[in-house]
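Look at the sequence and the model before reading on.

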Amino acid sequence: MSFYQYYLAHKDFDFNSFFSSITTTDIERILAKDKINAYDFLSLLSPQAEKHLESMAEKAQKLSLQHFGKAILLFTPMYIANHCINKCAYCGFNVGNRIKRKKLTAEEIEQEAKAIAATGLRHILFLTGESPAQSPVSYIAKAAGILKKHFHSVGIEIYPLTEQEYSQVIDAGVDSLTVYQEVYDEGIYDKVHLAGPKRNYSFRLDAPERACRAKIRSVNIGALLGLNEWCKEAFFTGLHADYLQNKYPDVAVSVSLPRIRPHAGTFQDIFPVNDKSLVQIMLALRIFLPYTGITISTRERQEYRDHLIPLGVTKMSAGVSTEVGGHSSEDKGEGQFEIADNRNVAKMKQAILAKGYQPVSKDWMSF
């Protein structure tokens, strides 16, 4: 049984009727519990729960301090290729977009790694577009081997692989995987993924589980907020993380909450997710999944990211460029999207310290 069966069980759930039945008493009762279930979690995503954000924040902060302390792990993404054969309506790497394409050589990856490592970071997440011809598994494995010389933790955010291919890149030095379902609603998924292998909904949905079976150390999942009603996507993200955490207790599971950002292309069919709603999602997830890491990226502006630090964040990006070769090359490939927080690693550390928290460059020693 995979998560797809769980998705199907809730696919036609009547969210509006459920939300209309939630009362203030229900929210107060849920917040008094030590452990909440999936429907309690959904209740905390309801319009009624929006009136209780202060109480939710108090509980989420308490749980975060209990399980993660005042530590915020820092990392940065590193784009090594932006060739892509998919036609995703919302993505700057869309094969139909006329952008400057680039793929780093081994020497350029080494150069990029040295530039990032010089900032003190020891966790790296490297990314490619989906082009098995331009960025085959052998290229991914070779990049991981180079990066492992400079970083203690090497993560990937690439196209979904088979279990055997995940084993191959893990053997090469990869220890963590980030893979976003983009949108859990299968109908919208079909609508926004116009062409290419990414149209295979279930192969992408099961990618984190294949990596777990291949014995990866950690997986990070999420939905691209803005492609569907946020409460539904947050609910399925939470269910998916809970499913992985229960089935693979030896794997560290975390979630990211990326909101769609300006990018190359003309996609406008966006469901609004305001700042208050993003806070509600994060608080509800923390209360439902107290042990799950939560990442907030530079898609969010700096003042807002700083405000979120005490509310449940455990991992943040810093010194970010979404361009291929963006950290060291003068001949860069075009970026995937615009970022909103341009602070370098030193400034991000200062901001975290100013909140009374400890910036952490490494929480994993490679072996």
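The second largest pocket is lined by Lys148, His152, Ile170, Gly173, Val174, Asp175, Lys215, Ile216, Arg217, Trp364, Ser366 and Phe367. A pocket here is an open set of points on a 1 Å grid over the protein atoms alone, with protein on both sides within 12 Å along at least five of seven lines; lining residues have an atom within 4 Å of a point. The space in this second largest pocket is about 200 Å³. Volume means the space filled by probe spheres set on the points, with grid points joined across faces, edges and corners. Five nonpolar, three polar and four charged residues make up the pocket's lining. Nonpolar covers Ala, Val, Leu, Ile, Met, Phe, Trp, Tyr, Cys and Pro; charged covers Asp, Glu, Lys and Arg; the others, Gly among them, are polar.

The model is predicted: local features need pLDDT of at least 70, side-chain atom pairs count only at pLDDT 80 or more, and totals for chains, interfaces and linings use all residues. Residues are numbered from 1 along each chain as its sequence is written, and side-chain values use heavy atoms, with hydrogens and water left out.

**Cavities**

Two cavities of 30 Å³ or more are present. A cavity is a set of grid points where a 1.4 Å probe fits but cannot get out. Helices (H or I, at least four residues) and strands (E, at least two) are DSSP runs, numbered from the N terminus. α5 gives the most, with four residues. The lining of the largest cavity counts eight nonpolar, five polar and no charged residues.

The second largest cavity has a volume of about 30 Å³. Its lining consists of Gly222, Ala223, Leu225, Ala234, Thr237, Ser256, Leu257, Ile281 and Leu285. Here α12 and α13 are the elements that give two or more residues. Six of the lining residues are nonpolar, three are polar and none is charged.

**Helix packing**

Axes are lines fitted to C-alpha atoms, for helices over the stretch in contact, and angles run from 0 to 180 degrees between N-to-C directions.

| Pair | Angle | Axis distance |
|---|---|---|
| α12 (230–247) and α13 (275–288) | about 25 degrees | 11 Å |
| α1 (3–10) and α12 | about 145 degrees | 10 Å |
| α6 (106–117) and α7 (137–148) | roughly 40 degrees | within 10 Å |

At about 25 degrees, α12 is therefore roughly parallel to α13, a label for angles under 35 degrees. The crossing of α12 and α13 is right-handed, meaning that the near helix is turned clockwise from the far one by less than a right angle. Trp230, Ala234, Gly238, Leu239 and Asp242 of α12 contact Ser277, Gln280, Ile281, Leu285 and Phe288 of α13. Contact means heavy atoms within 4.5 Å. This contact has six nonpolar, three polar and one charged residue.

Which residues join α1 to α12? Phe3, Tyr6, Tyr7 and His10 of α1 meet Phe235, Phe236, Leu239, His240 and Tyr243 of α12. Seven of these are nonpolar, two are polar and none is charged. The crossing of α1 and α12 is right-handed.

α6 also passes α7 in a right-handed crossing. Ala106, Ile109, Glu110 and Ala113 of α6 meet Tyr139, Lys142, Ala143, Ile146 and Leu147 of α7. The contact of α6 with α7 has seven nonpolar, no polar and two charged residues.

Technical notes: Parallel < 35°, antiparallel > 145°, perpendicular 65-115°, else oblique.
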